Amino acid sequence: MAVTINTLREFKQKGEAFAALTSYDATFSQVVSEAGVHVILIGDSLGMVLQGHDSTLPVTMDQMVYHVSCVAKGNRGSLIMADMPFMSYGTVESALENAAELMRAGAHMVKLEGTDWMKETITALTERAVPVCAHLGLTPQFVNKFGGYKVQGRDEKAAEMMIEHACELEAAGADVILLECVPAPLAARIAQAVKAPVIGIGAGPDTDGQILVLHDMLGITTGRKPRFVKNFLAETDSVQEALKAYVKAVGERTFPAEEHTFKA
Ligand code: KIV
């Protein structure tokens, strides 16, 4: 049966964890979907993973639409979430227009990076039938404001602020919250504070779902390996088995383990 936003809500209500992965093409999407991954994200990480840029900023709407349509063709029942690329939601009007393009290409939900300034945009999108995931914490489109890719929410003031933002974005209509690179205790507090399913990456074991970049969990990313990444292909010689092992580990909450987690 196809995964919908209701499926993710049911996971949260039952205290069970769901698995998400990025994917950018039809073949991988079919394999990922058939392995039981609940959510496929067409991340703007494709700017780094596929295109070789050193940030996600150069990714365009046309490129996102192209990759969403590829993923939609391969998908076998996962929920398809599409990133809105840098500055494609700078105004409410541009967000509506660009989100509609991603939904027409096959997305079931769009993801936006930012904090309380996105409230009006999220309300406008969700009132017009576009489900939204709000991405908080280390939001890679803000790399030049953050001065690098750094763990966010480390001090109490920043942590309180992130909890407040998550609650405000949920109240504005966000259907899902995604937390990237935040200390595990903070992620746990946010997952408790909101009713919406919370997906984590580098956010510890207590979020409602987990996500990784596909190339990272297959151990084929070049360069520095982030702490939160586990290579699931290291223990098998089959991509399909590695994907199933990831879904199982997330479901059993054996991934992420201590060594993948930021404590503070
Ligand atoms: O672009 C992306 O792949 C993402 C994930 C890292 C969550 O936003």
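Visitor: How much space lies in the largest cavity?

Guide: This is a predicted model, and the count of cavities of 30 Å³ or more comes to 1. The space that lies in the largest cavity is about 50 Å³.

Visitor: In what sense do the strands of the closed barrel pair?

Guide: The barrel is built from 8 strands, running from β1 through to β8 in the order β1-β2-β3-β4-β5-β6-β7-β8, and neighbouring strands of this sheet are turned by 25° against each other on average, with direction ignored. The pairing in the barrel is parallel.

Visitor: Which residue in β7 is the bridge partner of E180?

Guide: The bridge partner of E180 in β7 is I201.

Visitor: At about what angle to β1 does helix α11 run?

Guide: Helix α11, made of residues 239–251, lies across two strands, β1 (18–22) and β8 (209–212). Its angle to β1 is about 140°.

Visitor: Why does the aromatic pair of F232 and Y246 tie together parts of the chain, and how many residues apart are they in sequence?

Guide: The structure holds 6 aromatic pairs, and the one formed by F232 and Y246 is edge-to-face, with 5.4 Å from centre to centre and 75° between the planes. F232 lies in the loop between α10 and α11, whereas Y246 lies in helix α11, so the pair ties together parts whose separation in sequence is 14 residues.

Visitor: What is the volume of the largest pocket?

Guide: The largest pocket is lined by 35 residues, and those closest to its centre are M48, E180, D216, P226 and F228. Its lining divides into 17 nonpolar, 9 polar and 9 charged residues. The volume of the largest pocket is about 870 Å³.

Visitor: Which element gives the largest share of the lining of the second largest pocket?

Guide: About 250 Å³ of space lies in the second largest pocket, which is lined by 15 residues. The elements that give two or more residues to this lining are β5 and α8. The largest share, 4 residues, comes from α8.

How values were computed
Residues are numbered from 1 along each chain as its sequence is written. This is a predicted model: local features need pLDDT of at least 70, side-chain atom pairs count only at pLDDT 80 or more; totals for chains, interfaces and linings use all residues. Side-chain values use heavy atoms; hydrogens and water are left out. Two strands pair if DSSP finds at least two bridges between them. Axes are lines fitted to C-alpha atoms, for helices over the stretch in contact, and angles run from 0 to 180 degrees between N-to-C directions. Contact means heavy atoms within 4.5 Å. On a 1 Å grid over the protein atoms alone, a cavity is a set of points where a 1.4 Å probe fits but cannot get out, and a pocket is an open set with protein on both sides within 12 Å along at least five of seven lines; lining residues have an atom within 4 Å of a point. Grid points are joined across faces, edges and corners, and a volume is the space filled by probe spheres set on the points. Rings of Phe, Tyr and Trp (its six-membered ring) pair if their centres lie within 6.5 Å; planes under 30 degrees apart count as stacked, over 60 as edge-to-face and the rest as tilted. Ala, Val, Leu, Ile, Met, Phe, Trp, Tyr, Cys and Pro count as nonpolar, Asp, Glu, Lys and Arg as charged, and the others, Gly among them, as polar.
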